Amino acid sequence: MDLFAYRDGRLFVEDVAVEDIARAVGTPFYAYSAGMMQAQYRAFADAFSGTDATVCYAMKANSNRAVVALFAQLGAGADTVSEGEIRLAISAGVPPQKIVFSGVGKTKQEMAAALSLGILQFNVESEPELLALSEVASGRGMTAQVAIRINPDVDAATHAKISTGKKENKFGIPWPQARAVFAQAARLPGIKVSGITVHIGSQLTSLAPFEAAFRIVAGAVQTLRDDGIAIDHLDLGGGLGVQYRSGDNPPSPADYAAMVKRVTSNLGCRLFFEPGRLLVANAGILVTRLIYLKETEHKRFAIVDAAMNDLIRPTLYDAHHEVVPVKEPDDDAPRRRVDIVGPVCETGDVLALDRPMPDLIADDLLAVRSAGAYGAVMASSYNARLLVPEVLVNGADFAVIRPRPTYEDLLSADVIPDWLTAGRST
Ligand code: LLP
(Lines give C-alpha, C1' and ligand atoms only; values in the text may rest on other atoms or scores of the structure.)
Protein backbone atom coordinates (compact mmCIF):
# COMPACT_ATOMS: atom_id res chain seq x y z
CA MET A 1 0.00 0.00 0.00
CA ASP A 2 1.38 3.38 -1.03
CA LEU A 3 -0.45 6.44 0.28
CA PHE A 4 1.98 8.83 -1.43
CA ALA A 5 0.47 9.40 -4.86
CA TYR A 6 -0.16 12.08 -7.44
CA ARG A 7 -3.66 13.48 -7.73
CA ASP A 8 -4.34 15.92 -10.53
CA GLY A 9 -0.63 16.47 -10.95
CA ARG A 10 0.18 17.10 -7.29
CA LEU A 11 1.78 14.75 -4.77
CA PHE A 12 -0.44 13.84 -1.85
CA VAL A 13 0.23 12.15 1.49
CA GLU A 14 -3.05 10.35 2.13
CA ASP A 15 -5.60 13.14 1.49
CA VAL A 16 -3.28 16.09 2.06
CA ALA A 17 -1.37 17.87 -0.71
CA VAL A 18 2.34 18.06 0.08
CA GLU A 19 2.44 21.68 -1.07
CA ASP A 20 -0.25 22.57 1.49
CA ILE A 21 1.97 21.24 4.28
CA ALA A 22 4.93 23.11 2.80
CA ARG A 23 2.93 26.32 2.84
CA ALA A 24 2.02 25.79 6.49
CA VAL A 25 5.35 24.65 7.95
CA GLY A 26 8.00 25.77 5.44
CA THR A 27 10.74 23.49 4.13
CA PRO A 28 12.50 21.17 4.70
CA PHE A 29 10.21 18.85 6.68
CA TYR A 30 9.43 15.20 7.19
CA ALA A 31 5.88 14.01 6.49
CA TYR A 32 4.62 10.63 7.67
CA SER A 33 1.51 8.70 6.74
CA ALA A 34 -0.24 7.31 9.82
CA GLY A 35 -2.22 4.95 7.59
CA MET A 36 0.90 3.38 6.13
CA MET A 37 2.47 2.90 9.55
CA GLN A 38 -0.72 1.24 10.80
CA ALA A 39 -0.92 -0.99 7.72
CA GLN A 40 2.71 -2.09 8.10
CA TYR A 41 2.23 -2.89 11.77
CA ARG A 42 -0.89 -4.90 11.04
CA ALA A 43 0.80 -6.81 8.22
CA PHE A 44 3.60 -7.83 10.56
CA ALA A 45 1.40 -8.60 13.58
CA ASP A 46 -1.19 -10.47 11.49
CA ALA A 47 1.54 -12.66 10.02
CA PHE A 48 2.05 -14.02 13.54
CA SER A 49 -1.60 -14.22 14.57
CA GLY A 50 -2.30 -17.50 16.31
CA THR A 51 1.22 -17.62 17.77
CA ASP A 52 2.33 -16.25 21.10
CA ALA A 53 4.20 -13.28 19.63
CA THR A 54 4.78 -9.71 20.80
CA VAL A 55 5.90 -6.95 18.45
CA CYS A 56 8.24 -4.49 20.15
CA TYR A 57 8.68 -1.54 17.81
CA ALA A 58 12.39 -0.67 17.52
CA MET A 59 12.06 2.99 18.46
CA LYS A 60 15.46 3.94 17.17
CA ALA A 61 13.99 3.90 13.65
CA ASN A 62 11.72 6.82 14.47
CA SER A 63 11.25 7.82 18.07
CA ASN A 64 8.96 10.77 17.61
CA ARG A 65 6.52 10.43 20.51
CA ALA A 66 3.51 10.68 18.22
CA VAL A 67 4.83 7.81 16.11
CA VAL A 68 5.50 5.71 19.22
CA ALA A 69 1.99 6.57 20.48
CA LEU A 70 0.54 5.39 17.17
CA PHE A 71 2.15 1.98 17.60
CA ALA A 72 1.28 1.85 21.30
CA GLN A 73 -2.35 2.39 20.34
CA LEU A 74 -2.13 -0.65 18.06
CA GLY A 75 -0.84 -2.76 20.94
CA ALA A 76 2.88 -2.66 20.23
CA GLY A 77 5.61 -2.93 22.82
CA ALA A 78 8.93 -1.16 22.39
CA ASP A 79 12.52 -2.18 21.82
CA THR A 80 14.64 0.50 23.46
CA VAL A 81 18.35 1.22 23.70
CA SER A 82 18.61 4.02 26.26
CA GLU A 83 16.95 5.46 29.32
CA GLY A 84 15.70 8.23 27.06
CA GLU A 85 13.91 5.78 24.77
CA ILE A 86 12.41 3.94 27.78
CA ARG A 87 11.05 7.18 29.23
CA LEU A 88 9.78 8.27 25.86
CA ALA A 89 8.04 4.94 25.23
CA ILE A 90 6.25 5.02 28.57
CA SER A 91 5.21 8.62 28.10
CA ALA A 92 3.81 7.70 24.67
CA GLY A 93 1.63 5.00 26.19
CA VAL A 94 3.70 1.81 25.84
CA PRO A 95 3.11 -0.34 28.95
CA PRO A 96 6.43 -0.94 30.76
CA GLN A 97 5.64 -4.70 30.73
CA LYS A 98 6.07 -4.58 26.95
CA ILE A 99 9.43 -2.81 26.90
CA VAL A 100 12.70 -4.61 26.21
CA PHE A 101 16.02 -2.88 26.80
CA SER A 102 18.73 -3.69 24.24
CA GLY A 103 22.18 -2.24 23.62
CA VAL A 104 25.82 -3.05 24.33
CA GLY A 105 26.51 -0.24 26.77
CA LYS A 106 23.76 0.08 29.35
CA THR A 107 25.03 2.07 32.31
CA LYS A 108 24.21 1.18 35.92
CA GLN A 109 22.18 4.35 36.13
CA GLU A 110 20.11 3.27 33.13
CA MET A 111 19.69 -0.21 34.61
CA ALA A 112 18.43 1.25 37.88
CA ALA A 113 15.99 3.52 36.07
CA ALA A 114 14.73 0.66 33.89
CA LEU A 115 14.20 -1.56 36.93
CA SER A 116 12.29 1.08 38.81
CA LEU A 117 10.16 1.81 35.75
CA GLY A 118 9.20 -1.89 35.65
CA ILE A 119 10.30 -2.86 32.14
CA LEU A 120 9.83 -6.41 30.87
CA GLN A 121 13.35 -7.50 30.07
CA PHE A 122 17.02 -6.68 29.69
CA ASN A 123 18.70 -8.06 26.58
CA VAL A 124 22.19 -8.58 27.97
CA GLU A 125 25.15 -8.43 25.58
CA SER A 126 28.24 -9.24 27.68
CA GLU A 127 29.45 -10.83 30.89
CA PRO A 128 30.44 -7.52 32.55
CA GLU A 129 27.02 -6.14 31.74
CA LEU A 130 25.44 -9.20 33.38
CA LEU A 131 27.52 -8.68 36.53
CA ALA A 132 26.61 -5.00 36.67
CA LEU A 133 22.92 -5.80 36.27
CA SER A 134 23.11 -8.43 39.02
CA GLU A 135 24.71 -5.89 41.33
CA VAL A 136 22.17 -3.16 40.56
CA ALA A 137 19.12 -5.43 40.80
CA SER A 138 20.16 -7.41 43.87
CA GLY A 139 21.24 -4.17 45.59
CA ARG A 140 17.63 -3.02 45.25
CA GLY A 141 16.17 -6.35 46.27
CA MET A 142 14.81 -6.75 42.75
CA THR A 143 15.05 -9.40 40.06
CA ALA A 144 15.90 -8.43 36.49
CA GLN A 145 14.32 -10.55 33.75
CA VAL A 146 17.13 -11.35 31.36
CA ALA A 147 17.58 -12.64 27.84
CA ILE A 148 21.13 -13.05 26.60
CA ARG A 149 21.97 -11.92 23.09
CA ILE A 150 23.97 -14.47 21.21
CA ASN A 151 26.16 -13.63 18.27
CA PRO A 152 25.63 -16.44 15.75
CA ASP A 153 28.46 -15.40 13.40
CA VAL A 154 26.12 -15.17 10.42
CA ASP A 155 26.66 -12.78 7.53
CA ALA A 156 23.50 -10.72 7.09
CA ALA A 157 24.59 -9.72 3.56
CA THR A 158 23.71 -6.10 4.18
CA HIS A 159 25.75 -2.89 4.41
CA ALA A 160 28.82 -3.43 6.64
CA LYS A 161 27.85 -0.54 8.91
CA ILE A 162 24.50 -2.12 9.78
CA SER A 163 25.63 -5.75 9.99
CA THR A 164 25.66 -6.97 13.59
CA GLY A 165 25.77 -10.77 13.62
CA LYS A 166 29.38 -11.57 12.68
CA LYS A 167 31.83 -12.53 15.39
CA GLU A 168 33.96 -9.47 14.69
CA ASN A 169 30.97 -7.19 15.47
CA LYS A 170 30.58 -5.77 18.97
CA PHE A 171 27.11 -7.24 19.47
CA GLY A 172 26.06 -10.23 21.57
CA ILE A 173 28.14 -13.07 22.92
CA PRO A 174 29.40 -15.63 20.42
CA TRP A 175 27.65 -18.97 20.60
CA PRO A 176 28.72 -21.44 22.05
CA GLN A 177 30.83 -19.23 24.36
CA ALA A 178 27.56 -17.74 25.59
CA ARG A 179 26.59 -21.11 27.09
CA ALA A 180 28.84 -20.49 30.11
CA VAL A 181 27.37 -16.99 30.52
CA PHE A 182 23.84 -18.45 30.68
CA ALA A 183 25.07 -20.85 33.38
CA GLN A 184 26.64 -17.96 35.27
CA ALA A 185 23.44 -15.91 34.91
CA ALA A 186 21.41 -18.75 36.39
CA ARG A 187 23.55 -18.57 39.55
CA LEU A 188 23.70 -14.79 39.99
CA PRO A 189 21.55 -12.93 42.52
CA GLY A 190 19.01 -10.49 41.10
CA ILE A 191 18.91 -12.22 37.71
CA LYS A 192 16.31 -14.48 36.16
CA VAL A 193 17.51 -15.73 32.80
CA SER A 194 14.92 -17.33 30.57
CA GLY A 195 15.38 -15.95 27.06
CA ILE A 196 17.68 -15.85 24.07
CA THR A 197 17.89 -12.86 21.81
CA VAL A 198 19.50 -12.38 18.41
CA HIS A 199 19.65 -9.57 15.85
CA ILE A 200 22.05 -9.94 12.93
CA GLY A 201 21.60 -6.68 11.09
CA SER A 202 19.27 -4.28 9.37
CA GLN A 203 17.84 -4.02 5.85
CA LEU A 204 18.12 -7.74 5.17
CA THR A 205 16.72 -8.57 1.76
CA SER A 206 16.84 -12.36 1.99
CA LEU A 207 15.46 -14.85 4.49
CA ALA A 208 18.50 -17.15 4.38
CA PRO A 209 20.68 -15.30 6.93
CA PHE A 210 17.71 -14.98 9.32
CA GLU A 211 17.04 -18.68 9.01
CA ALA A 212 20.69 -19.58 9.59
CA ALA A 213 20.73 -17.45 12.76
CA PHE A 214 17.39 -18.74 14.04
CA ARG A 215 18.50 -22.35 13.56
CA ILE A 216 21.51 -21.62 15.76
CA VAL A 217 19.15 -20.11 18.34
CA ALA A 218 16.90 -23.19 18.18
CA GLY A 219 19.92 -25.42 18.77
CA ALA A 220 20.96 -23.21 21.68
CA VAL A 221 17.50 -23.60 23.28
CA GLN A 222 17.93 -27.38 23.35
CA THR A 223 21.49 -27.19 24.65
CA LEU A 224 20.57 -24.74 27.41
CA ARG A 225 17.54 -26.78 28.44
CA ASP A 226 19.83 -29.80 28.69
CA ASP A 227 22.00 -27.62 30.94
CA GLY A 228 18.98 -27.08 33.17
CA ILE A 229 18.19 -23.52 32.06
CA ALA A 230 14.50 -23.05 31.33
CA ILE A 231 14.42 -21.01 28.15
CA ASP A 232 10.82 -20.01 27.53
CA HIS A 233 11.08 -17.11 25.10
CA LEU A 234 13.06 -15.86 22.13
CA ASP A 235 13.55 -12.29 20.96
CA LEU A 236 14.38 -12.59 17.27
CA GLY A 237 15.25 -8.93 16.72
CA GLY A 238 14.35 -6.80 13.72
CA GLY A 239 16.08 -6.39 10.42
CA LEU A 240 13.51 -7.17 7.75
CA GLY A 241 14.37 -5.00 4.76
CA VAL A 242 12.14 -2.68 2.76
CA GLN A 243 11.94 -1.58 -0.85
CA TYR A 244 14.01 1.54 -1.46
CA ARG A 245 14.06 1.32 -5.26
CA SER A 246 11.71 -0.27 -7.72
CA GLY A 247 13.85 -3.40 -8.29
CA ASP A 248 14.18 -4.23 -4.58
CA ASN A 249 12.26 -7.30 -3.57
CA PRO A 250 12.56 -7.92 0.17
CA PRO A 251 10.71 -10.86 1.74
CA SER A 252 7.18 -10.14 2.90
CA PRO A 253 6.24 -10.31 6.59
CA ALA A 254 4.14 -13.39 5.71
CA ASP A 255 7.15 -15.21 4.19
CA TYR A 256 9.28 -14.18 7.14
CA ALA A 257 6.65 -15.43 9.60
CA ALA A 258 6.29 -18.76 7.77
CA MET A 259 10.05 -19.29 8.04
CA VAL A 260 10.10 -18.31 11.74
CA LYS A 261 7.28 -20.72 12.51
CA ARG A 262 9.01 -23.52 10.61
CA VAL A 263 12.21 -23.06 12.62
CA THR A 264 10.80 -22.34 16.07
CA SER A 265 7.33 -23.90 16.42
CA ASN A 266 8.58 -27.11 18.09
CA LEU A 267 10.36 -25.13 20.83
CA GLY A 268 7.25 -23.98 22.69
CA CYS A 269 8.74 -20.53 23.18
CA ARG A 270 6.97 -17.19 23.36
CA LEU A 271 8.34 -14.95 20.59
CA PHE A 272 9.31 -11.28 20.54
CA PHE A 273 10.22 -9.23 17.48
CA GLU A 274 11.87 -5.84 17.14
CA PRO A 275 10.98 -4.44 13.71
CA GLY A 276 11.89 -0.82 13.13
CA ARG A 277 12.51 0.11 9.51
CA LEU A 278 9.80 -2.17 8.18
CA LEU A 279 7.12 -0.29 10.10
CA VAL A 280 8.10 3.26 9.20
CA ALA A 281 10.60 3.61 6.33
CA ASN A 282 8.18 3.79 3.44
CA ALA A 283 5.66 5.77 5.46
CA GLY A 284 7.83 8.90 5.39
CA ILE A 285 9.14 11.49 2.96
CA LEU A 286 11.54 14.35 3.37
CA VAL A 287 10.26 17.38 1.49
CA THR A 288 12.79 19.91 0.28
CA ARG A 289 12.79 22.97 -1.92
CA LEU A 290 15.15 23.70 -4.78
CA ILE A 291 17.30 26.72 -4.02
CA TYR A 292 19.48 26.83 -7.13
CA LEU A 293 20.07 24.76 -10.21
CA LYS A 294 23.78 24.98 -10.87
CA GLU A 295 25.13 23.85 -14.21
CA THR A 296 28.78 23.47 -15.03
CA GLU A 297 30.48 22.01 -18.08
CA HIS A 298 30.65 18.70 -16.23
CA LYS A 299 27.68 18.45 -13.96
CA ARG A 300 24.23 19.63 -13.03
CA PHE A 301 23.52 20.15 -9.36
CA ALA A 302 20.11 20.65 -7.82
CA ILE A 303 20.98 22.51 -4.63
CA VAL A 304 18.10 21.98 -2.21
CA ASP A 305 17.34 23.19 1.30
CA ALA A 306 17.60 19.74 2.96
CA ALA A 307 21.04 18.33 3.61
CA MET A 308 23.08 15.54 5.15
CA ASN A 309 22.29 16.88 8.61
CA ASP A 310 18.59 16.25 7.93
CA LEU A 311 18.97 12.83 6.25
CA ILE A 312 22.37 11.24 6.66
CA ARG A 313 21.68 7.84 5.10
CA PRO A 314 23.00 8.63 1.59
CA THR A 315 26.18 10.11 3.07
CA LEU A 316 26.75 7.43 5.71
CA TYR A 317 25.69 4.26 3.90
CA ASP A 318 25.58 5.33 0.24
CA ALA A 319 21.89 4.64 0.65
CA HIS A 320 19.55 5.08 -2.30
CA HIS A 321 16.36 7.09 -1.80
CA GLU A 322 14.02 7.80 -4.68
CA VAL A 323 13.47 11.52 -5.26
CA VAL A 324 10.29 12.70 -6.97
CA PRO A 325 9.04 16.15 -7.88
CA VAL A 326 5.99 17.23 -5.88
CA LYS A 327 4.46 18.59 -9.10
CA GLU A 328 3.94 15.58 -11.34
CA PRO A 329 6.10 15.77 -14.46
CA ASP A 330 4.66 14.86 -17.85
CA ASP A 331 5.57 11.33 -18.86
CA ASP A 332 7.22 12.62 -22.01
CA ALA A 333 9.03 15.56 -20.37
CA PRO A 334 12.77 15.26 -21.09
CA ARG A 335 14.87 13.98 -18.20
CA ARG A 336 18.41 15.08 -17.47
CA ARG A 337 20.82 13.69 -14.92
CA VAL A 338 21.40 15.72 -11.82
CA ASP A 339 23.07 15.40 -8.42
CA ILE A 340 20.70 16.47 -5.66
CA VAL A 341 22.81 18.09 -2.96
CA GLY A 342 22.37 20.19 0.16
CA PRO A 343 23.90 23.47 1.34
CA VAL A 344 26.26 21.88 3.90
CA CYS A 345 29.95 22.50 3.34
CA GLU A 346 30.98 18.90 2.72
CA THR A 347 31.45 17.04 -0.54
CA GLY A 348 29.57 14.12 1.02
CA ASP A 349 26.49 16.26 1.45
CA VAL A 350 24.37 14.50 -1.15
CA LEU A 351 20.80 13.23 -1.11
CA ALA A 352 20.89 11.53 -4.50
CA LEU A 353 23.46 11.17 -7.26
CA ASP A 354 23.08 11.21 -11.02
CA ARG A 355 19.29 11.01 -11.12
CA PRO A 356 17.29 11.53 -14.28
CA MET A 357 14.94 14.38 -13.42
CA PRO A 358 12.61 16.62 -15.42
CA ASP A 359 13.68 20.25 -15.71
CA LEU A 360 13.55 21.89 -12.32
CA ILE A 361 13.35 25.56 -11.43
CA ALA A 362 14.04 27.37 -8.18
CA ASP A 363 11.34 26.89 -5.55
CA ASP A 364 10.22 23.52 -6.94
CA LEU A 365 9.46 21.01 -4.20
CA LEU A 366 11.02 17.55 -4.20
CA ALA A 367 10.10 14.56 -2.05
CA VAL A 368 12.82 12.18 -0.89
CA ARG A 369 11.04 8.89 -0.40
CA SER A 370 11.40 6.06 2.12
CA ALA A 371 12.68 8.52 4.70
CA GLY A 372 10.48 7.51 7.64
CA ALA A 373 13.14 5.30 9.25
CA TYR A 374 16.53 6.52 10.45
CA GLY A 375 15.78 9.97 8.99
CA ALA A 376 14.67 12.60 11.52
CA VAL A 377 16.11 10.57 14.39
CA MET A 378 19.61 10.83 12.94
CA ALA A 379 19.33 14.53 12.12
CA SER A 380 21.62 17.10 13.69
CA SER A 381 21.99 20.85 13.63
CA TYR A 382 25.39 20.68 11.92
CA ASN A 383 26.31 23.95 10.21
CA ALA A 384 23.99 25.65 12.74
CA ARG A 385 21.01 24.53 10.71
CA LEU A 386 17.68 24.26 12.52
CA LEU A 387 16.53 20.71 13.22
CA VAL A 388 14.04 19.56 10.62
CA PRO A 389 10.35 19.46 11.72
CA GLU A 390 8.04 16.47 11.42
CA VAL A 391 4.42 16.23 10.36
CA LEU A 392 2.01 13.32 10.76
CA VAL A 393 -0.79 12.98 8.22
CA ASN A 394 -3.99 11.15 9.06
CA GLY A 395 -6.53 11.15 6.24
CA ALA A 396 -7.32 14.75 5.40
CA ASP A 397 -5.68 16.08 8.59
CA PHE A 398 -2.11 16.76 9.48
CA ALA A 399 -0.39 17.69 12.71
CA VAL A 400 3.07 19.09 13.38
CA ILE A 401 4.52 16.45 15.71
CA ARG A 402 7.94 18.13 16.05
CA PRO A 403 7.97 21.87 15.39
CA ARG A 404 10.90 23.56 13.78
CA PRO A 405 13.01 25.15 16.51
CA THR A 406 13.62 28.88 16.38
CA TYR A 407 16.93 30.67 16.06
CA GLU A 408 16.45 31.70 19.71
CA ASP A 409 16.39 27.99 20.62
CA LEU A 410 19.57 27.49 18.64
CA LEU A 411 21.38 30.40 20.27
CA SER A 412 20.25 29.57 23.77
CA ALA A 413 21.44 25.96 23.56
CA ASP A 414 24.99 27.02 24.35
CA VAL A 415 26.17 29.03 27.32
CA ILE A 416 29.01 31.56 27.10
CA PRO A 417 30.84 31.66 30.46
CA ASP A 418 31.09 35.02 32.23
CA TRP A 419 34.83 35.16 31.78
CA LEU A 420 34.32 35.34 28.02
CA THR A 421 31.69 38.04 28.18
CA ALA A 422 33.34 40.28 30.79
CA GLY A 423 34.10 43.65 29.29
CA ARG A 424 32.24 42.84 26.08
CA SER A 425 30.01 45.61 24.88
CA THR A 426 26.80 44.25 23.46
N1 LLP B 1 16.86 -4.59 17.33
C2 LLP B 1 18.15 -4.27 17.52
C3 LLP B 1 18.88 -4.86 18.64
C4 LLP B 1 18.77 -3.36 16.63
O5 LLP B 1 20.05 -3.05 16.81
C6 LLP B 1 18.03 -2.80 15.56
C7 LLP B 1 18.64 -1.84 14.64
C8 LLP B 1 16.68 -3.17 15.42
C9 LLP B 1 16.13 -4.07 16.32
C10 LLP B 1 15.81 -2.63 14.33
O11 LLP B 1 16.25 -3.03 13.08
P12 LLP B 1 15.37 -2.74 11.78
O13 LLP B 1 14.12 -3.57 11.89
O14 LLP B 1 15.06 -1.30 11.77
O15 LLP B 1 16.24 -3.15 10.66
N16 LLP B 1 20.77 3.75 10.80
C17 LLP B 1 20.80 2.56 9.98
C18 LLP B 1 20.14 1.37 10.62
C19 LLP B 1 20.69 1.02 11.99
C20 LLP B 1 20.02 -0.16 12.63
C21 LLP B 1 20.48 -0.34 14.02
N22 LLP B 1 19.84 -1.41 14.73
C23 LLP B 1 20.18 2.88 8.63
O24 LLP B 1 19.77 4.02 8.41
O25 LLP B 1 20.13 2.03 7.76
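1. A disulfide here means a pair of cysteine sulfur atoms within 2.5 Å. By that rule, a search of the whole structure turns up zero. Take Cys-56: its closest cysteine sulfur belongs to Cys-269 and is 15 Å away, too far for a bond.

2. Some bookkeeping before the rest. This is a predicted model, where local features need pLDDT of at least 70 and side-chain atom pairs count only at pLDDT 80 or more, while totals for chains, interfaces and linings use all residues. Numbering runs from 1 along each chain as its sequence is written, and side-chain values use heavy atoms, with hydrogens and water left out.

3. Back to the cysteines. Cys-56 is buried at 0% relative accessibility, whereas Cys-345 is exposed at 69% (buried is under 20% relative accessible area, exposed over 50%, partly exposed in between, with a 1.4 Å probe and protein chains only).

4. Now the ligand. It has 18 residues around it, and Ser-202, Glu-274, Arg-313, Tyr-317 and Tyr-374 come nearest (a residue is near if one of its heavy atoms lies within 4 Å). The shell splits into six nonpolar, six polar and six charged residues. Domain 1 (4-31 + 281-412) and domain 2 (103-273) each supply at least three of the shell residues; the bounds come from an automatic or database domain assignment.

5. On specific atoms: a side-chain N or O atom of Glu-274 sits 2.6 Å from a ligand nitrogen. Ligand oxygen atoms also lie 2.8 Å from a backbone N or O atom of Arg-277 and 2.9 Å from a polar backbone atom of Gly-239. The protein buries 91% of the 590 Å² that the ligand exposes when taken alone (Shrake-Rupley method, 1.4 Å probe).

Note on methods:
Polar contact = N/O pair within 3.5 Å; in protein donor to acceptor, adjacent residues only side chain to side chain. Nonpolar A, V, L, I, M, F, W, Y, C, P; charged D, E, K, R; others polar.
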